[in-house]
Amino acid sequence: MKKIIKIVLIALVIGLIAAQFIRPNFSNPPVAAGQTVEESAGVPPDVQMVLSRSCNDCHSNKTIYPWYSRITPFNWFLADHIDEGRREVNFSEWGTYSNKKKAHKLDEICEKVEDGSMPLPSYLWIHRDAGLNADQKKVLCDWAKAEKAKIPVEP
Ligand code: HEC
């Protein structure tokens, strides 16, 4: 019996070591010149701070990968959030969005931070300083509303 447990444990360890060679591609896509939210919209420094600290790891092409991003299986979990996050909103490609899409995303930004669903709660387990207090939420929401007001209404 003891021998079986030992064999199973060794197999598990070997499996885990082998799995370390199966990693997602973590190279950041290039940031398109002129298309970032900073270049294509107005982003004051206080808003910039919130975006950089709490959103850009999943919603831009400037992701900073944490140490555990080198460990399988955590890296797959991360890759999934980053892919999905970028697909939803990518602040590095903001300028490529239509006015309609920008307006919709700006509404969503305010909504998601106010209801606490963004930044993703699982992100905050490790990035404890990325949580937003009431003031920071207000800074982001006020900005989103002001940006939306600048978008010409489609006839
Ligand atoms: C750990 C990665 C991660 C972080 C950090 C993060 N997001 Fe997200 N975000 C996602 C994922 C994944 C989705 C898509 C799934 C979902 O909506 O829950 C998403 C969806 C969204 C959407 C939804 C868009 C729509 O049209 O429904 C908005 C808006 C958004 N995020 C804004 C933000 C803002 C603002 C921040 C920073 C305050 C932020 N996110 C931080 C991963 C992240």
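This note goes through salt bridges in the predicted model shown above.

1. Because the model is predicted, local features need pLDDT of at least 70 and side-chain atom pairs count only at pLDDT 80 or more, while totals for chains, interfaces and linings use all residues. Residues are numbered from 1 along each chain as its sequence is written, and side-chain values use heavy atoms, with hydrogens and water left out.

2. Searching the whole structure gives six salt bridges, a salt bridge being a side-chain nitrogen of Lys or Arg within 4 Å of a carboxyl oxygen of Asp or Glu. One of them joins Glu-88 to Lys-105, with 3.2 Å from N to O, and this pair links distant parts of the chain, since Glu-88 is in helix α4 (residues 74-88) and Lys-105 is in helix α5 (residues 99-114), 17 residues apart. Helices here are DSSP runs (H or I, at least four residues), numbered from the N terminus.

3. Glu-88 is partly exposed at 44% relative accessible area, whereas Lys-105 is buried at 10%; buried means under 20% relative accessible area, exposed over 50%, and partly exposed in between (1.4 Å probe, protein chains only).

4. Between Lys-148 and Asp-107 there is a salt bridge whose closest N and O atoms are 3.1 Å apart. Lys-148 belongs to helix α7 (residues 134-150) and Asp-107 to helix α5, so the pair ties together parts that are 41 residues apart in sequence. Lys-148 is partly exposed at 34%, and Asp-107 is partly exposed at 36%.

5. Glu-147 and Lys-150 form a salt bridge at 2.8 Å, N to O, and because they are three residues apart in helix α7, about one helical turn separates them. Glu-147 is buried at 9%, but Lys-150 is exposed at 55%.

Note on methods:
Helices (H or I, at least four residues) and strands (E, at least two) are DSSP runs, numbered from the N terminus.
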